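Have a look at the model first, then read on.

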Amino acid sequence: MSASEITEASIHPASCLSVKPRIYVVMGAPGVGKGTQARRLSETFGLPQISTGDILRAMAKEDTALGMELRLILSTGELVSDEVLARVIEERTSKPDCANGYILDGFPRTLYQAQLLENIAKDQGKEIQVLKLIVPRSSLLKRLTGRRSCPTCGEIYNIYLKPPKREGLCDLDGTPLVHRSDDRPETVSIRVANYEKLTKPLTDYYLESGRLVKIQAEKPVEEVFQELCAILTQAS
Ligand code: AMP
C-alpha cells in the first residue's frame, strides 16, 4: 500500500503498515497538532503512541505527593523535572509493546532528555527519526485556546478548526469534552515561550545529526498525515 492509499479504512490492527523498528519523535510547539498526528500514525502503523503530557496528566490525578506537585506544575505550563521524565520514559519504553518501535509525543523537550533517549535507543538497538511539525506562531494561540478533548477516548477537537458535530460532546462516544487547564490564554503564552526557548538547541542537535525532517503543518490534518506517512514508509 502506498502512502497516498492510506485512509481511515486502513486504520485497523490487521492491516497495519509495517515500518522499521524505530523511535519516531513527533516534535512541534504546543498546538501544532502533534498529538493528533502521533495518534493517527500510531493507529496506522500499529506502534504505541507515548504522550508524556497524557502520562503526566494521569499521574497528576493521583492522591500522592508527586501527584500534588504535578498538578501545580501542569497548571502553570512550566516543564516537569528531567528526573520525573526519566522515570516515566524509561518505565514506559521498556514495556513489550515498544519492541517494534514507538512514537514519542512531547518527549524529548530538553537536551538532557535527548541524551537520555540516545541511551535508551542504544540499549534497544533502535534508530531515532525526528518529525518536526511547524506552524506560524500566530496560529498557535487559536489552535490551543480552541482545543477540546474527550477524556474517554482521547479524540481531539477544536471549536474553530474542527468542531464536534454536537457542541461540547465527543462524536465517537458522546462524552462531554474538556478544556485543559493549561490551554487557557494566560498559560498558553508561557508554554509557547518555554517551548521555543528550550527546544531550539534540541532542534539544532537533531538537525546536525541529520535525523530531523521539517513538515509544514499549516494545512489540513489529512495532508500533513499523508506527508508523515510518506516519510515513515520511505525511511523503511
Ligand atoms: P503536552 O501535552 O505535551 O503539551 O504537555 C503538557 C505539560 O506536561 C507540559 O506543559 C509540561 O508541563 C509537561 N510535560 C510534558 N512532556 C514533558 C517533557 N518532556 N518534559 C517536561 N515536561 C513535560
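## How two helices cross

A crossing counts as left-handed if the near helix is turned anticlockwise from the far one by less than a right angle, and as right-handed if clockwise. Helices (H or I, at least four residues) and strands (E, at least two) are DSSP runs, numbered from the N terminus. This is a predicted model, in which local features need pLDDT of at least 70 and side-chain atom pairs count only at pLDDT 80 or more, while totals for chains, interfaces and linings use all residues. Residues are numbered from 1 along each chain as its sequence is written, and side-chain values use heavy atoms, leaving out hydrogens and water.

## Helices α4 and α5

The crossing of α4 and α5 is right-handed. From α4, the contact (heavy atoms within 4.5 Å) draws on Asp82, Leu85, Ala86, Ile89, Glu90 and Thr93, and from α5 on Tyr112, Gln113, Leu116, Ile120 and Gln124. Six of these contact residues are nonpolar (Ala, Val, Leu, Ile, Met, Phe, Trp, Tyr, Cys and Pro), two are charged (Asp, Glu, Lys and Arg) and three are polar (the others, Gly among them).

Leucine 202 belongs to helix α7, residues 185–208. Is leucine 202 buried or exposed? With a relative accessible area of 0%, leucine 202 is buried (under 20%; exposed is over 50%, partly exposed in between, with a 1.4 Å probe and protein chains only). Not counting residues up to four places away in sequence, leucine 202 touches Met27, Pro108, Arg109, Thr110, Leu111 and Ala114.

In helix α6 (residues 137–145), the buried residues are Ser139, Leu140, Arg143, Leu144 and Thr145. These buried residues of α6 pack against α7, β5 (147–149) and β6 (156–158).
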